[in-house]
Protein chains: 2
Amino acid sequence: MDSQQFREAAISSLDQIIIYYETIEDRRVTPTVEPGYLRKLLPEEAPQEGEPWADIQKDIEAKIMPGITHWQSPNFLAWFPSSSSYPGMLGEMWSTAFTGAAFNWICSPAVTELETIVLDWIARAFNLPPCFLSTGPTNGGGVIHGTTSEAIATVMVAARDKYLREATAQITDEDEREDAIALRRGRLVALGSTATHSATKKAAQIAGVRHRAVSVRAEDGYAMTGKGLRETIEALRGRGLEPFYLTATMGTTDVCAVDDMAGIAEVLAELAPPGQKGEIWVHVDAAYAGSSLVCPEYNTVLTTHFDRFHSFNTNLHKWLLVNFDCSVLFVRSRRDLTDALSVTLPILQNAATDSGLVTDYRDWQIPFGRRFRSLKVWFVIRSYGIAGLRSHIRDRVALAEGFAAMVRERSDLFEIVAGPVFALTAFKMRGRGEGASLDEQNELTKKMYERVLADGRIFLSSTVVGGTFAIRHNPTAVLVREHHVKPHFDILVEAAEKTLAEA
Amino acid sequence: MDSQQFREAAISSLDQIIIYYETIEDRRVTPTVEPGYLRKLLPEEAPQEGEPWADIQKDIEAKIMPGITHWQSPNFLAWFPSSSSYPGMLGEMWSTAFTGAAFNWICSPAVTELETIVLDWIARAFNLPPCFLSTGPTNGGGVIHGTTSEAIATVMVAARDKYLREATAQITDEDEREDAIALRRGRLVALGSTATHSATKKAAQIAGVRHRAVSVRAEDGYAMTGKGLRETIEALRGRGLEPFYLTATMGTTDVCAVDDMAGIAEVLAELAPPGQKGEIWVHVDAAYAGSSLVCPEYNTVLTTHFDRFHSFNTNLHKWLLVNFDCSVLFVRSRRDLTDALSVTLPILQNAATDSGLVTDYRDWQIPFGRRFRSLKVWFVIRSYGIAGLRSHIRDRVALAEGFAAMVRERSDLFEIVAGPVFALTAFKMRGRGEGASLDEQNELTKKMYERVLADGRIFLSSTVVGGTFAIRHNPTAVLVREHHVKPHFDILVEAAEKTLAEA
């Protein structure tokens, strides 16, 4: 493909993509294909000879599109969104043009430096405490990871090694120290709550440490409390185990609960004081809800205790208009990352690294090479401005408020389980009359939910919290507008009424 | 930015990108900026109001370009390449359009299914043994990771947990088993060689296991031998430690050595027989050189013993025209990945997963969400055809042969340290007269290398192998053509002669 052919192929693709976005709501949001559909459509072996682009592009609509779940559709209300925006897409286009494996500064200084700068912009816009700025008092800073799972695995490894390093600092013989670390590692426990995203448990599996979950209760809104944390820590220590890490969540997956940061900070100040040997590393997982911090009405309240914690991350690709993948991670002490993850090779030797003046981000993450992801962040922030990003958050919150008001108006059919909070509403069917049992409600809600999925006009997720089967409604996909909310709600009402009629 | 503005911005960007590629060799391949250059050019805080695209695009040339290392330049001969191709760029464009966090099948069946299919295509084209096919006899298959570092960390965690699971299978009490696993984990050792890429050591740091390197020697071409492996395993077992994992490299970072796969297989058949409890998981790291397997002259010989190993990966983004990032990982038993990495949440429940008929790739990797990376692989394979990919490999091998011939012709100045192999040649300066010492050669080669870097017309990497400082020449960047090789060599000759004259 020469550059003229590329130009034609790319413009033709662009036009097809624009039409895709402009007509996306005409498509069924979820596919109806059966498992294995694509294997029937493609040859078993790779083609020997090259094919013209026109033939390939034709197959996108014919073969790929039927297997696409349209995350950008305004009818996509499931899980959390994966946002897409035109400036974000331009960022990916330019990043691809600069293709390189930017594992250290000299691999492309702009890749490293733009990342540090836009992450400082975000830390300031989010009102994060100064410890998370690259220029802050604790030598912290930000880095872009792909997903929250990577961010959590990374900080957990850093926390584990920091804890073990401090615990064995007095041993000078290298072999003895390795043995002591190996033995001690077996006693370490990473903590989350029963409402924490599975990323924390998976990180513990990866890091080779135990995992325990602090129980959460309906009466606390499914948030972790200081009391619950205290009980867990004390019980573990009673067994000779050593909690070294905690994920505190701002916006849990099920219902967007916010863990009791004040309570957590207080308990840890007593049981494992920050800054002292044996401290428990607290990571704030704000994967989805973190983007709301761009608005003062959220960030003046919610960041209050963050200066007592060790790291924070949020996925700009969820709710802040940056295309997947882009999880921004901030740490209080970048040294903790590099101590755990730095490795070097003779082939990597270079004057800039030797000078100590540059950041080699490969030592802040699991992968070696890295994409130029800060470009899309830069383009999005500059195109929308902080004001535009705030509007985006507020508009979506308003859509959810509108939806929740409709749910409340039909209290004959529905009951809100949680929210609306951070634009998420979890609801269930009330059941017949006043005295419907939870089992009955669950059964009805499940049936109604399956009916909505089969209907296919909208796509939502379900969950189970405290034994309650609930449907989650999250209208934060970028293309959802006010005029979509009522028709969406009508589909739910229709499904509920039919389900009741059949019951 | 509306769709019309996007169309204009994207076409304007496309045109600028095409010009960038067409004139890339006029740019100095490495930047001359000082650390911190970009902070001086950008505001300290994010803009409050949005800016027009034209202003943003202007800054790409003005502010970003000066900090770019041009990996796509034909004057880029450093490390290993990061390939870029027009079909690869179109793949990224479409992947971005479909933005979604495809963590399970239902998130977009096409994302999962196309990945399985193109990875089977590659396994066949590379002549990998059937155990690495998704339809093969051992329930294996392929998955796309971002980088080799992620692939190795992932298989090491799988190997660790498999080993521990088997070692503690007889313990039925859950708490007791957790304690036994924690204790045993402390004895585990992951192995590589002293020439293995740092990704293996880093993976051991992440997985929380010990790491030891088998020594390699110049007389074995810096390849790991069965003998060396045997000595290491026996010594470790003598200390009560348990080797459970080994990285065998096809194409080491320094000099593209290939470990003695036959010798390794033989020693392990004796000391830790494959398929039996206590087996050592062997991962073949072919990050760079693996792409050569698309050619029969490589794949008929080099894959001979792979059926005795557990996993294999190569980065298509290095040498096979797919844009970064794209590391294809194949495993003999996908169950080993999912046993180690599977986690679930109520919100993820769906009928397709429950049916057991689909692959949820999130359980084959560290990240939760995933990009639609198979699109770019599909576009590249279809655009070039297997024949075109073979030509690409062979052309680059021929360029390196041509370069090495020139080096040999100037044996008054240079001596080849290793290669050419997989298009990589490592060479050094011979020094004055016949009897120059290694120290003298190292000193001269270093000085000459620094001169070449300062000159800036071409960019190469250096390394140190067996005490020898060597310059690596790797002409596999996509745009290198035959007419570039002689001028590149002339620059090296000029630098060598000047260095000698000054010595």
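Predicted model: local features only at pLDDT ≥ 70, side-chain atom pairs only at ≥ 80, totals over all residues.
## The interface between the chains

Let's start where the chains meet.

## The annotated lysine

UniProt, in an unreviewed entry, lists Lys318(A) for "modified residue: N6-(pyridoxal phosphate)lysine". In the model, Lys318(A) sits in helix H11 of chain A, which covers residues 316-319. Its relative accessible area is 17%, and because the cut-off for buried is under 20%, Lys318(A) counts as buried.

What does Lys318(A) touch, leaving aside its neighbours within four places in sequence? The contacts are Phe80(A), Pro81(A), Ser82(A) and Ser83(A), plus Ala287(A) and Tyr288(A).

## Two helices in the chains

In chain B, helix H5 (residues 148-167) packs on helix H12 (residues 334-341) at about 85 degrees, with the axes 8 Å apart. That angle makes H5(B) roughly perpendicular to H12(B). H5(B) brings Thr154(B), Val155(B), Val157(B), Ala158(B), Asp161(B), Lys162(B) and Arg165(B) to the contact, while H12(B) supplies Asp336(B), Leu337(B), Asp339(B), Ala340(B) and Leu341(B). Sorted by class, the contact has six nonpolar, one polar and five charged residues.

Over in chain A, helix H7 (residues 199-207) has eight of its nine residues buried, so H7(A) is largely enclosed by the rest of the structure. Among the buried ones are Lys202(A) and Gln205(A), along with Ile206(A). Just after H7(A) comes Gly208(A), with a positive phi of about 70 degrees.

In chain A it runs from Gly419(A) to Pro420(A), with omega near 0 degrees, and Pro420(A) belongs to strand E9 (residues 414-421). In chain B the bond from Gly419(B) to Pro420(B) is cis, again with omega near 0 degrees; Pro420(B) is in strand E8 (residues 414-421).

Chain B also has positive phi values in residues other than glycine. Asn127(B) has phi near 60 degrees and lies in the loop between helix H4 and strand E1; it is partly exposed, at 35% relative accessible area. Ala423(B) has a positive phi of about 70 degrees and sits in the loop between E8 and strand E9. Ala423(B) is buried, at 2%.

Technical notes: Residues numbered from 1 in each chain as written. Chains lettered and ligands numbered in written order. Heavy atoms only, no water. Axes fitted to C-alpha atoms, helices over the stretch in contact; angles between N-to-C directions. Helix = DSSP H or I, 4+ residues; strand = E, 2+ residues; numbered from the N terminus. Parallel < 35°, antiparallel > 145°, perpendicular 65-115°, else oblique. Contact = heavy atoms within 4.5 Å. Nonpolar A, V, L, I, M, F, W, Y, C, P; charged D, E, K, R; others polar. UniProt positions renumbered as here; feature names shortened; annotations may be inferred. Buried < 20%, exposed > 50% of the residue type's maximum accessible area, 1.4 Å probe, protein only.
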